[in-house]
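Student: Hey, can we go through this one together? I'd like to start with the charged contacts.

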Amino acid sequence: MQNPMNIAAKLRARRVEARNRRAVSRAVAEAKTPAMRDEILIMAQRQANHVR
């Protein structure tokens, strides 16, 4: 059986990840230029690779 604290921490982490995905999606949708959109995507990918 898992420790309840581990479950709570996993749920919090999932909420943070979902919030970040929504923020990136919103930033990409609102980007003024294709170059800005690409830069946002690159930054998001770098951050995701760094965290894992």
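This is a predicted model: local features need pLDDT of at least 70, side-chain atom pairs count only at pLDDT 80 or more; totals for chains, interfaces and linings use all residues.

Student: Which residue does aspartate 38 form a salt bridge with?

Tutor: Its partner is arginine 37, and the closest N and O atoms of the two are 3.6 Å apart. The cut-off for a salt bridge is 4 Å, so this pair counts.

Student: How exposed is aspartate 38?

Tutor: Aspartate 38 is partly exposed, with a relative accessible area of 37%. Arginine 37 is partly exposed too, at 34%.

Student: OK, and how many positive and negative side chains does the protein chain have?

Tutor: There are 12 positive and 4 negative ones. The centres of those two sets lie 11 Å apart.

Student: Where do positive charges gather?

Tutor: On the surface, there's a positive patch made of Arg12, Arg15, Arg19, Arg21, Arg22 and Arg26. Arginine 15, for one, lies in helix α1, which covers residues 4–30. Arginine 12 is in helix α1 as well.

Student: Is arginine 12 buried, partly exposed or exposed?

Tutor: Partly exposed: its relative accessible area is 46%. Residues over 30% can join a patch if they have no salt bridge, so arginine 12 passes the area part of that rule.

Student: Switching topic. How many helices and strands are there?

Tutor: The protein chain has two helices and zero strands. Helix α2 takes in residues 34–51, and alanine 44 is found there.

Student: What's the C-alpha distance between alanine 44 and valine 24?

Tutor: They're 7.1 Å apart, although 20 residues separate them along the chain. Now try arginine 12 and lysine 32: they are also 20 residues apart in sequence, but their C-alpha atoms are 32 Å apart in space.

Student: What share of the residues is buried, then?

Tutor: Buried residues make up 6% of the 52 in the protein chain. The chain exposes about 4900 Å², and carbon and sulfur atoms supply 57% of that area.

Student: Last one: what is the radius of gyration of the protein chain?

Tutor: It's 15 Å, while a compact globule of 52 residues would have one near 10 Å. The C-alpha atoms fill a box of roughly 50 × 20 × 10 Å along the principal axes.

Key: Residues are numbered from 1 along each chain as its sequence is written. Side-chain values use heavy atoms; hydrogens and water are left out. Patches are made of residues with over 30% relative accessible area and no salt bridge: like charges are joined within 9 Å, nonpolar side chains (Val, Leu, Ile, Met, Phe, Trp, Tyr) within 5 Å. Accessible areas come from the Shrake-Rupley method with a 1.4 Å probe; for residues, only the protein chains shown count as cover. A salt bridge is a side-chain nitrogen of Lys or Arg within 4 Å of a carboxyl oxygen of Asp or Glu. Lys and Arg count as positive and Asp and Glu as negative; His and the chain ends are not counted. The place of a charge is taken as NZ of Lys, CZ of Arg, CG of Asp or CD of Glu. Helices (H or I, at least four residues) and strands (E, at least two) are DSSP runs, numbered from the N terminus. The radius of gyration is taken over C-alpha atoms; the globule rule is 2.2 Å times the number of residues to the power 0.38. Buried means under 20% relative accessible area, exposed over 50%, partly exposed in between (1.4 Å probe, protein chains only).
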